[in-house]
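Trainee: Before we discuss any details, could you show me the model and then let me ask about its sheets and its helix packing?

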Amino acid sequence: MTRMFLRFYLGVLTILVFAWLVLAYVYRANNSAQNIQVIEEALGGGVRLAREKFIAAAPDEAPKVLDAIRSEFDYPLQIVAWDERPMSESLKARLHHGEVVLYGNRILAALPDDESLLDFGPLPEFARPNQTEILVGIGAIFGVAALAIAILLRPVVTQLQAIERTASAFSEGDLSARLDVTQTPKGIAFALAFNKMADRVETLLRSQRELLQAVSHELRTPLAKIRFATELIESSQTDDERRMRLESVNNATEKLDGLVSELLNYVRLESVVATSELALVDLRQLFLEVIDLHAPLHSAIDLRIECAEIWLWSNRASLSVAIGNLVSNAARFAESRVNVIAIRGEERVTIHVDDDGPGIPESQWERVFEPFVRLDESSQRGTGLGLALVQRITIRVGGHASVGTSPLGGARFTLDLPL
């Protein structure tokens with residue numbers, strides 16, 4: 001992180017120095033040329049008149065005329081030879097063409113004899129900073145800017161270093177590593193997003209670990225039955241005994257196959273919920289589709305819907321799976337009736353799935369949503385993943401799942417979802 005800061009800061013300094021050099025070059029080139037032209041134009045008229053006046057004087061009057069001209073100017077005037085003012089060929093050419101030329105801090109004009117020059121100067125200095133002072137001042141401004149940038153960047157770099165340390169700790173296995181929001185005031189949004197991501201990753205990893213442990217336990221039971229039944233087949237004395245043990249192997253295999261299918265469905269749907277987009281869902285129509293799907297499987301159960309026209313933004317496929325699992329679970333345990341109810345609030349919608357079955361003890365209300373939990377182990381109905389998937393889906397779409405006592409006397413499963 002320090003290396004990145006140094007690279008960035010050196011880049012900024014390089015840009016500032018380059019800008020200063022360009023500005024210095026432009027200032028020297030443009031200002032010098034423009035100032036020379038302005039001075040020559042401003043003083044040229046008076047110098048040419050003075051030259052013409054000197055040239056028109058008689059030889060014996062020349063000294064007096066020169067003194068008269070000197071009295072009219074506020075700076076010295078003298079006649080000098082060409083070789084006393086060494087200059088470039090371009091300046092000489094201009095003088096030979098009768099132009100007035102600025103030479104340093106003097107004004108020169110050529111006389112007709114091509115041997116001498118009228119030399120006005122040195123000229124008065126302008127009341128302004130010279131080029132060196134201006135360039136030094138600009139350089140000082142850039143220096144202050146560089147210092148200010150360093151001061152402003154330092155807190156950002158410190159916060160990025162804290163983020164880097166936390167991310168490194170998290171990647172090395174410390175899942176409890178989090179950013180201290182109070183120490184990152186300028187990056188609080190990023191810190192909150194990072195902590196939320198870390199919470200989510202930690203939850204997923206913990207959930208996967210627990211799921212793996214539960215899967216290992218659940219898979220052992222049918223596998224042990226298959227192994228035991230296979231050993232018994234070899235010792236079977238009659239065809240009926242052998243057929244009975246083969247049927248036991250077949251049942252255990254079917255249970256194992258169903259468990260693997262449910263597990264794959266559980267993982268697949270969790271992934272779909274995490275990546276799918278939201279859409280506008282007609283809740284009543286969704287209920288009708290779920291009831292049509294499950295009614296033939298539970299012909300003895302009266303499946304009813306109590307739902308006005310309600311629309312909500314959600315993941316339709318995953319919501320259909322969640323409600324379908326609740327209806328299927330309620331129908332398996334119901335005596336004769338299951339109600340699916342939706343109640344619309346200002347910002348949320350509440351969905352109840354009631355049955356008139358034996359219900360669920362209050363002590364088990366939280367446990368029923370855990371993977372592979374079956375309250376009635378003797379019934380062997382289901383794999384224990386249906387309600388766990390309902391909980392996962394509901395949380396992913398921003399809702400909450402709970403269980404209680406139904407007005408029908410059995411269990412009431414409730415989904416609280418945002419509209």
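The questions and answers below concern a predicted model.

Trainee: In the open sheet of four strands, which are the edge strands?
Mentor: The strands of this open sheet stand in the order β1-β4-β3-β2, and their pairing is antiparallel. From one strand to the next the twist averages 35 degrees.

Trainee: With the side chain of which residue does the side chain of Arg-106 make a polar contact?
Mentor: Arg-106 has its place in strand β3, and, leaving aside neighbours within four places in sequence, its contacts include Gln-78, Arg-85, Val-101 and Asp-119. A polar atom of the Arg-106 side chain lies 3.3 Å from the backbone oxygen of Gly-121. The side-chain to side-chain polar contact, also listed at 3.3 Å, is made with Asp-119.

Trainee: Turning to the helices, why is α7 described as oblique to α8?
Mentor: Helix α7 (residues 283-294) and helix α8 (residues 316-333) have axes 10 Å apart and pack at an angle of about 50 degrees. Angles from 65 to 115 degrees count as roughly perpendicular and those under 35 as roughly parallel. Because the angle between these helices belongs to neither class, nor to the roughly antiparallel one over 145, α7 and α8 are oblique.

Trainee: How do the residues of the contact of α7 with α8 divide into nonpolar, polar and charged?
Mentor: The crossing of these two helices is right-handed. Among the residues that make the contact are Leu-286, Phe-287 and Ile-291 of α7, together with Leu-319, Ile-323 and Val-327 of α8. The contact of α7 with α8 divides into eight nonpolar, five polar and two charged residues.

Trainee: And how many charged residues are in the contact of α8 with α9?
Mentor: α8 and helix α9, residues 386-396, pack at about 145 degrees with their axes 9 Å apart, and their crossing is left-handed. The contact includes Leu-319, Ala-322 and Leu-326 of α8 as well as Leu-387, Val-390 and Ile-393 of α9. Its residues divide into eight nonpolar and four polar, and the number of charged ones is none.

Trainee: In the open sheet of five strands, which residue of β9 does Val-340 stand opposite?
Mentor: This sheet has mixed pairing and the order β6-β8-β9-β11-β10, and α7 lies across β6, β8 and β9. Strands β8 (residues 337-344) and β9 (residues 348-355) pair in the antiparallel sense over seven bridges. Opposite Val-340 stands Val-353.

Trainee: Which residue takes a positive phi in the hairpin of β10 and β11?
Mentor: Strand β10 (residues 400-405) runs antiparallel to strand β11 (residues 411-418), and six bridges join them, with His-400 having Asp-416 as its bridge partner. The hairpin has five residues between the strands, and the residue with a positive phi, near 105 degrees, is Gly-409.

Key
Residues are numbered from 1 along each chain as its sequence is written. This is a predicted model: local features need pLDDT of at least 70, side-chain atom pairs count only at pLDDT 80 or more; totals for chains, interfaces and linings use all residues. Side-chain values use heavy atoms; hydrogens and water are left out. Two strands pair if DSSP finds at least two bridges between them. Axes are lines fitted to C-alpha atoms, for helices over the stretch in contact, and angles run from 0 to 180 degrees between N-to-C directions. A crossing is left-handed if the near helix is turned anticlockwise from the far one by less than a right angle, and right-handed if clockwise. Contact means heavy atoms within 4.5 Å. Ala, Val, Leu, Ile, Met, Phe, Trp, Tyr, Cys and Pro count as nonpolar, Asp, Glu, Lys and Arg as charged, and the others, Gly among them, as polar. A polar contact is a pair of N or O atoms within 3.5 Å; within protein, one must be able to donate a hydrogen and the other to accept it, and residues adjacent in sequence count only if both atoms are side-chain atoms.
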